[in-house]
Amino acid sequence: MFNVRVFVGELELEEWNWIGPAPKGRWSSVLPENRSPMLLMFISYFILCWWSYINVEAMQMAAPAYLFALVFTAVLYFLKTYADMGEFIDLGNPSRTWMDMALGFFVALPFSLGALIRVFIPTGAIAALTPLGFLFVALVAPFCEELFFGGSLTPVMCSYLGVIPGLILNGVIFSIFHYSVYGVQLQTALWLFILRVILSYLILWRRSLTVGIAGHTFVNFSSALLLMGGG
Amino acid sequence: MFDEVDEMAIRKAFFYLDIVWGIVGIIAIAAVINAFVTQTGDIVYVLGMTIPRSLLYVLIPCHLILIPWTFYQAYAALNDLDSFLSNYPWMLIIALILSVTENLFRGPQTPLVLCICLFDWISDVIGIPFVQKLYRRLRS
């Protein structure tokens with residue numbers, strides 16, 4: 001009853017307990033093919049984050065948090081890659097990248113529509129009105145948040161706590177982060193919780209951060225477009 | 001159609017394409033940084049375009065990121081196919097979002113065409129079938 005089927009290899013399915021802790025290391029997926037894009041993206045996003053920090057006034061609080069997330073996850077990633085320590089999920093199998101991106105966009109669509117009809121208020125409202133702020137909200141924030149919440153926290157929490165408690169705790173921390181950094185309303189925090197749980201589960205299932213980055217980018221990008229248009 | 005194209009010819013095509021885009025990017029960033037330093041008003045004139053100064057804050061990091069990435073892709077196309085193929089979709093997505101951001105905030109100006117990100121993502125989209133062919137060849 002409490003078992004979930006997940007990919008543990010290329011096409012290998014295993015059943016894990018939804019609630020109890022799972023064996024350590026089985027949630028991680030760090031592939032040698034992904035070292036090059038991971039390294040390039042760490043450097044690129046660090047430049048963008050630092051540049052936003054010194055040039056966007058509205059990002060004075062958020063940018064340091066993302067810089068910390070980038071450095072923290074970079075350390076975790078290299079520990080996992082070169083010393084096989086800790087838990088991390090990277091960009092997944094390159095042959096499934098396009099499919100993972102499509103899945104991310106598909107899952108994010110209802111949340112984008114939710115922003116469109118004002119079921120919840122998108123975050124980063126002030127920042128998205130300047131070009132660099134828009135870029136930060138649409139590109140930098142999703143990547144950094146997914147690295148931290150999806151790539152690092154999700155596998156660690158699910159290893160130690162089990163799938164359902166891990167996903168719920170991850171969603172709660174994600175909502176609290178947005179509440180404290182962006183000051184979102186309670187209703188928006190609830191939507192963010194649901195989005196986080198779904199994306200984290202998909203990241204675990206596909207063993208790929210690509211789903212999370214694509215979905216999160218789509219939600220933020222469409223929300224920022226909506227704000228820019230004054231909708 | 002794509003099966004008839006030689007693999008090395010595809011890799012060389014990507015190599016030369018990325019080299020050209022990289023050089024165009026260097027020319028553009030030189031002009032953008034020059035405008036950033038020398039012009040102080042809200043509107044700046046750069047490469048024949050009249051754009052808001054706030055857009056330079058996107059154009060500068062955009063070029064700083066994409067120029068090295070493009071040259072690396074040119075190198076990887078010939079020497080490290082695995083890296084080239086893994087980087088490809090991510091470079092496309094980043095260049096696409098950078099390009100959309102620049103063109104959204106360009107003001108009354110015509111679309112920003114002298115921009116490496118626009119070249120990058122358009123050529124990347126056109127090259128997808130060739131990349132898929134390379135990927136199948138690599139894995140077979």
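## Legends to the close-up views

**View 1. Of the 140 residues in chain B, 39% are buried.** A residue counts as buried if 20 or more other C-beta atoms lie within 10 Å of its own, as exposed if 12 or fewer do, and as partly exposed in between, with C-beta atoms placed from the backbone. The model is predicted, so that local features need pLDDT of at least 70 and side-chain atom pairs count only at pLDDT 80 or more, whereas totals for chains, interfaces and linings use all residues. Residues are numbered from 1 along each chain as its sequence is written, and chains are lettered from A and ligands numbered from 1 in the order in which they are written. Chain B contains 5 helices and 2 strands, arranged along the sequence as α-β-β-α-α-α-α; helices (H or I, at least four residues) and strands (E, at least two) are DSSP runs numbered from the N terminus. Taken along the principal axes, the box filled by the C-alpha atoms of chain B is roughly 55 × 25 × 20 Å. Of the contacts in chain B between residues at least 6 apart in sequence, 71% join residues at least 24 apart, two residues being in contact if their C-beta atoms, placed from the backbone, lie within 7 Å.

**View 2. Chain A is built from 7 helices and 2 strands.** Along its sequence the order of elements in chain A is β-β-α-α-α-α-α-α-α. Buried residues account for 53% of the 231 residues in chain A. Among the contacts in chain A with a separation of 6 or more, 74% are between residues 24 or more positions apart.

**View 3. The interface brings 25 residues of chain A into contact with 23 residues of chain B.** On the side of chain A that touches chain B, the elements giving two or more residues are α1 (35-55), α3 (97-116), α4 (131-161) and α7 (209-228) of chain A. The largest share of that side, 9 residues, is provided by α1(A). By residue class, the side of chain A that touches chain B comprises 17 nonpolar, 7 polar and 1 charged, where Ala, Val, Leu, Ile, Met, Phe, Trp, Tyr, Cys and Pro count as nonpolar, Asp, Glu, Lys and Arg as charged, and the others, Gly among them, as polar.

**View 4. Helices α1(A) and α4(A) have axes that come within 10 Å and cross at roughly 140°.** The axes are lines fitted to C-alpha atoms, for helices over the stretch in contact, and the angles run from 0 to 180 degrees between N-to-C directions. In this contact A:Met41, A:Tyr45, A:Leu48, A:Cys49, A:Ser52 and A:Asn55 of α1(A) meet A:Leu132, A:Phe136, A:Val140, A:Phe143 and A:Cys144 of α4(A). The residues of the contact of α1(A) with α4(A) are 9 nonpolar, 2 polar and no charged.

**View 5. In the largest nonpolar core, which has 105 residues, A:Tyr66, A:Leu135, A:Val140 and A:Cys144 touch the most other members.** Helix α4(A) gives the most to this core, with 17 residues; a nonpolar core is a set of buried Ala, Val, Leu, Ile, Met, Phe, Trp, Tyr and Cys residues joined through C-beta atoms within 7 Å. When its neighbours within four places in sequence are left aside, A:Val140 is in contact with A:Tyr45, A:Leu48, A:Cys49, A:Ser52, A:Tyr66 and A:Leu135.

**View 6. A:Ala69 belongs to helix α2 of chain A.** With 23 other C-beta atoms within 10 Å, A:Ala69 is buried. Although A:Ala69 and A:Phe148 are 79 residues apart along the chain, their C-alpha atoms are separated by 5.8 Å. Not counting residues up to four places away in sequence, A:Ala69 touches A:Cys144, A:Leu147 and A:Phe148.

**View 7. B:Ile67 is placed in helix α2 (residues 56-79) of chain B.** B:Ile67 has 19 other C-beta atoms within 10 Å and is therefore partly exposed. Residues up to four places away in sequence aside, B:Ile67 touches B:Gly22, B:Gly25, B:Ile26, B:Ile29 and B:Ile116. B:Val37, by contrast, is 30 residues from B:Ile67 in sequence and 20 Å from it in space, C-alpha to C-alpha.

**View 8. A:Asp84, a residue other than glycine, has a positive phi near 50°.** A:Asp84 sits in the loop between α2 (62-83) and α3 of chain A, and it counts as exposed because it has 10 C-beta neighbours inside 10 Å. In chain B, B:Leu47 has a positive phi of about 50° although it is not a glycine. B:Leu47 is found in the loop between β1 (43-46) and β2 (49-52) of chain B, and with 14 other C-beta atoms within 10 Å it is partly exposed.
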